[in-house]
Amino acid sequence: MSPVCEATPAAEITLPDHEHSARRARAFLSEAYCALHHARVLDEAQLLVSELVTNAVRHGGPPVRVRVDCDGSAGLQVAVSDGSRKPPVRRTAAPEAEGGRGVALVDIISDRWGVEHADSGKTVWFVLS
């Protein structure tokens, strides 16, 4: 991801491997996103970052990091990194299930998304235009 916004610099936070990290990630996004270009996608971005951070805490392990970049008017880019190289899995959740929909939501709501692997883990990213 390469930032090109002159109004808002990229921002990153490292979160504890804790159940409340998704809430902190939503608050971080509220503070760090580019209001000039992306106020209309903040709610969707907060939903998706919450899902990815929850997955990172439950299945990935530390360190859990969130990065947000503004690519001008082309898209809000959010990336969640964790310490596992295991890729995210899209599941089919039963209607009464409380979980299992995170990757499906990212796929449906974002304009594009992907996974990048590194020796130290992986990064799951998404873009909202």
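**View 1. Five strands form an open, antiparallel sheet in the order β1-β2-β3-β5-β4.** The model is predicted: local features need pLDDT of at least 70, side-chain atom pairs count only at pLDDT 80 or more, and totals for chains, interfaces and linings use all residues. Residues are numbered from 1 along each chain as its sequence is written, and side-chain values use heavy atoms, with hydrogens and water left out. Strands (E, at least two residues) and helices (H or I, at least four) are DSSP runs, numbered from the N terminus. Two strands pair if DSSP finds at least two bridges between them. β1 (11–15) and β4 (112–118) are the edge strands, each pairing on one side only. From one strand to the next, the twist averages 15°.

**View 2. β4 meets β5 (residues 121–128) in an antiparallel pair.** The two strands are joined by 7 bridges.

View 3. Contact means heavy atoms within 4.5 Å. Axes are lines fitted to C-alpha atoms, for helices over the stretch in contact; angles run from 0 to 180 degrees between N-to-C directions. Helix α1 (residues 21–32) lies across β1, β2 (64–70) and β3 (76–82). Its direction is at about 165° to β1. Helix α3 (residues 42–60) packs on the sheet and touches β1, β2, β3 and β5. The α3 direction makes about 170° with that of β5.

**View 4. Cysteines C5, C34 and C70, with 0 disulfides in the structure.** A disulfide is counted when two cysteine sulfur atoms lie within 2.5 Å. The closest cysteine sulfur to that of C5 belongs to C70, 3.6 Å away, and this is too far for a bond. For C34, the nearest cysteine sulfur is also that of C70, at 3.6 Å. Buried means under 20% relative accessible area, exposed over 50%, partly exposed in between (1.4 Å probe, protein chains only). C5 counts as buried because its relative accessibility is 14%. C34 is buried too, at 1%.

**View 5. The largest pocket holds about 570 Å³ of space.** A pocket is an open set of points on a 1 Å grid over the protein atoms alone, where a 1.4 Å probe fits, with protein on both sides within 12 Å along at least five of seven lines; lining residues have an atom within 4 Å of a point. Volume is the space filled by probe spheres set on the points, which are joined across faces, edges and corners. The lining comprises 27 residues. E51, N55, H59, R91 and V103 lie nearest the centre. α3, β3, α4 (102–109) and β5 each supply at least two lining residues. The largest share, 9 residues, comes from α3.
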